[in-house]
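Hi,

Here is the structure I promised to pass on. Have a look at it first, then read my notes below.

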Amino acid sequence: MKSSAPVNIGILFFFMLLICAACNTPKYTYMFDSGKYMDFGSGKWLLNQTKSNSKIFDAELYSSSENEFRKILGDSLIEINDLRRSKLIAPEIRFDLEKEKLLELKEQTGCDYLINVKGNIIKQGLGAVSVPVDDLEFYSSNESSVEIKIYQLETGIEISSSSVFAKTIDQGELYKTNSVPKLNTSSHTAMLQAAKKLIRKYDKYSTNEKGGN
């Protein structure tokens, strides 16, 4: 019984830390290079397998992307893995594609559009918890990004290109006003949330009746 006391005290301290801590969440910056206002009202939209360098949320990036685009497109969204069961398609379709490859995909899939989603973990400089310091030279951050490209397969052209950058920072203060610890959002979690938020921007700006929910 005596040996378990330090463990219980440690667990209690951890939960007290979580209760008292403030959340340090990312700032998201969005950019639409083209195709901000999309019409999702017609055609078949093929969702490619997502790509990322996150070992934690690689599979979740696809699941989240599929779920969010499904809200916009409904049954018009076609998953690449489902299509491979009945059609002969290359095992991997790159994120950036040339016109010839896009025209080939039109013939192979019978779809009208291709959606590509890519996540990138740029920096994981912060731990799960940080405590404010009065060292002005201290600066660290968690950074990640998500890109989306949408292609029209019949013409072989890119019709939309967008991105979102997520950044959580922690830095020293001239006059440390408190010592409340911060719970930092990891760059992996921020990447997943960034994908959801960017796809919801497409929904918000869409010009068809399905969007804008």
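Below is what turned up, starting with the whole chain and then moving to a few residues.

A word on the ground rules: this is a predicted model, where local features need pLDDT of at least 70, side-chain atom pairs count only at pLDDT 80 or more, and totals for chains, interfaces and linings use all residues. Residues are numbered from 1 along each chain as its sequence is written, and side-chain values use heavy atoms, with hydrogens and water left out.

The chain has five helices and nine strands (DSSP runs numbered from the N terminus: H or I of at least four residues for helices, E of at least two for strands). Along the sequence they come in the order α-β-β-β-α-β-α-α-β-β-β-β-β-α. Of the 213 residues, 39% are buried (under 20% relative accessible area; exposed is over 50%, partly exposed in between, with a 1.4 Å probe and protein chains only).

Now to aspartate 170, which sits in strand β8, residues 157-171. Why does aspartate 170 count as buried? Because its relative accessibility is 3%. Its side chain makes a polar contact of 3.1 Å with the side chain of serine 130 (a pair of N or O atoms within 3.5 Å; within protein, one must be able to donate a hydrogen and the other to accept it, and residues adjacent in sequence count only if both atoms are side-chain atoms).

Serine 130 also leads us to leucine 183: the two are 53 residues apart in sequence, yet their C-alpha atoms are 6.8 Å apart in space. Leucine 183 belongs to strand β9, residues 182-184, and is partly exposed, at 23% relative accessible area.

Cheers
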